[in-house]
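Work through the exercises below with the model open. Try each task before reading its solution.

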Amino acid sequence: MNRLKQMFRSLDREWLVRHYLFAFAFYAFFVFTSISQTGKFETKLLFFLFCALLYPFAMFVYESLINLIVGDNVFLIGGFLMLAWKIFRFIIIWFLAVPIGLIGFIYLYFVYGRQS
């Protein structure tokens with residue numbers, strides 16, 4: 001249990017809360033639309049729940065890789081294009097959150113859990 005606490009403490013709290021809010025808002029959208037159409041809870045919503053739980057860890061992996069590739073360079077992109085890119089990135093990473101998020105979770109668990 002101490003390793004999990006240390007792992008979550010290693011991430012910025014505001015960053016983690018913001019990503020969980022986005023992930024669960026997207027999950028709530030799927031639950032609302034699925035239940036209103038079928039009238040029951042479908043099994044695919046369990047997969048979407050895992051996506052929502054692992055989304056911040058997938059974003060940790062994504063941002064770490066982008067920081068490794070780009071470094072401290074800044075690219076200026078127009079507002080509409082940047083918004084479109086962020087929405088596209090969110091959707092892709094959210095749906096791939098299970099495999100990518102597990103990598104991030106395991107990495108944080110072993111690297112930062114070892115420090116406790």
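The model is predicted: local features need pLDDT of at least 70, side-chain atom pairs count only at pLDDT 80 or more, and totals for chains, interfaces and linings use all residues. Residues are numbered from 1 along each chain as its sequence is written, and side-chain values use heavy atoms, without hydrogens and water.

**Exercise 1. Find the residues that touch the most other members of the largest nonpolar core.**

Start with the term: a nonpolar core is a set of buried Ala, Val, Leu, Ile, Met, Phe, Trp, Tyr and Cys residues joined through side-chain atoms within 4.5 Å. Buried means under 20% relative accessible area, exposed over 50%, partly exposed in between (1.4 Å probe, protein chains only). The core has 26 residues, and Leu-11, Tyr-27, Tyr-55 and Trp-94 touch the most other members. Next, the helices: α3 gives the largest share, 11 residues. Helices are DSSP runs of H or I, at least four residues, numbered from the N terminus.

**Exercise 2. Describe the ring pair of Phe-26 and Phe-90.**

Rings of Phe, Tyr and Trp (its six-membered ring) pair if their centres lie within 6.5 Å; planes under 30 degrees apart are stacked, over 60 edge-to-face, the rest tilted. Phe-26 and Phe-90 are edge-to-face, at 5.1 Å centre to centre and 75° between the planes. Phe-26 lies in α2 and Phe-90 in α4, 64 residues apart. Both Phe-26 and Phe-90 are buried.

**Exercise 3. Classify Phe-30 and Phe-95 as buried or partly exposed.**

Phe-30 has a relative accessible area of 17%, so Phe-30 is buried. Phe-95 has 32%, so Phe-95 is partly exposed.

Methods: Helix = DSSP H or I, 4+ residues; strand = E, 2+ residues; numbered from the N terminus.
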